[in-house]
Amino acid sequence: MENFESFDGTRLAFHRVGEGSPLICVPGGPMRASAYLGTLGGLADHHELLLLDLRGTGDSQPPVDPQTYRADRQLADVEALRTHLGLDRVAVAAHSAGAAIAVHHAAADPDRVSHLVLINPSPRVVDLEISDDDRLQAVEKRRGEPWFPAAYAALQRLWAGDATDEDFTRIAPLNYGRWDAEAQADAALGRNEEALPHYYAGAPAAPSAVKAPVLLITGDYDPQIPPHRAADYAALFPDATLAVAPDTAHSAFVDQPTWFRETVTAFLR
């Protein structure tokens, strides 16, 4: 683990995993510690992963000003890490809600990002609305799973505004390609709850300002960014490629590590 100082004096941590050309990795959650990213499906065999602990998570300090938890403010943390590393340009990967920070960064500092990999990205940062019907197209593919009836009923209550705390636990399997012990352990990991009200409070990002080539990855049954809406997301960038992982929900690097590693490695060449 290494530390650096960001724009407001907050001490942030990052972790080096693997060898090869550097890749800054921004975790999702929003606001989960970066440890859950692991080796990104073995991508660390080809690249040095620089796993950033976002402010107030993992080994990073919480900020004095909670407004800096906003994704459009945390882009400066990614830029501070690039500067700390002494890199003129760097490839950046982000998972889920971490895409909000990565897209803001790539749009604000377009000449500093060589490649942008968005892994099952949250669409909120670009004001792309995913309807209940959109999500159902992905969810219905899981109907044969033993946990599906309970998850589907909980999802209906969530959409009706009647969900309980237990219902959020019941729908968790929808985000994983396999609801096994590894997935259940991942789903139980915490996040910085204090940061959540601030995270998406800023202005939307401007994907049209991103100069770097973009690889946008989703899963064929990801309820957060279903493939047909992922295509709409990718179309917002000047240069983007959409890749859909088979038999995959919201974490392509967990559900299909070989496919993920080969797809990202080819893109970053």
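User: At what angle do helix 1 and helix 2 pack, and how far apart are their axes?

Analyst: This is a predicted model, in which local features need pLDDT of at least 70, side-chain atom pairs count only at pLDDT 80 or more, and totals for chains, interfaces and linings use all residues. Residues are numbered from 1 along each chain as its sequence is written, and side-chain values use heavy atoms, without hydrogens and water. Helix 1 (residues 71-85) and helix 2 (residues 98-108) pack at about 70 degrees, with axes 8 Å apart. The two helices are therefore roughly perpendicular (65 to 115 degrees).

User: Which residues make the contact of helix 1 with helix 2?

Analyst: Contact means heavy atoms within 4.5 Å. Helix 1 contributes Ala71, Asp72, Gln74, Leu75, Val78 and Glu79, and helix 2 contributes Ala100, Ile101, His104, His105 and Ala108. These divide into 6 nonpolar, 3 polar and 2 charged residues.

User: How many residues has the largest nonpolar core?

Analyst: A nonpolar core joins buried Ala, Val, Leu, Ile, Met, Phe, Trp, Tyr and Cys residues through side-chain atoms within 4.5 Å. The largest has 45 residues, and Ile24, Val92 and Tyr233 are among those with the most contacts inside it. Helix 2 gives the most to this core, with 7 residues.

Methods: Axes fitted to C-alpha atoms, helices over the stretch in contact; angles between N-to-C directions. Helix = DSSP H or I, 4+ residues; strand = E, 2+ residues; numbered from the N terminus. Parallel < 35°, antiparallel > 145°, perpendicular 65-115°, else oblique. Nonpolar A, V, L, I, M, F, W, Y, C, P; charged D, E, K, R; others polar. Buried < 20%, exposed > 50% of the residue type's maximum accessible area, 1.4 Å probe, protein only.
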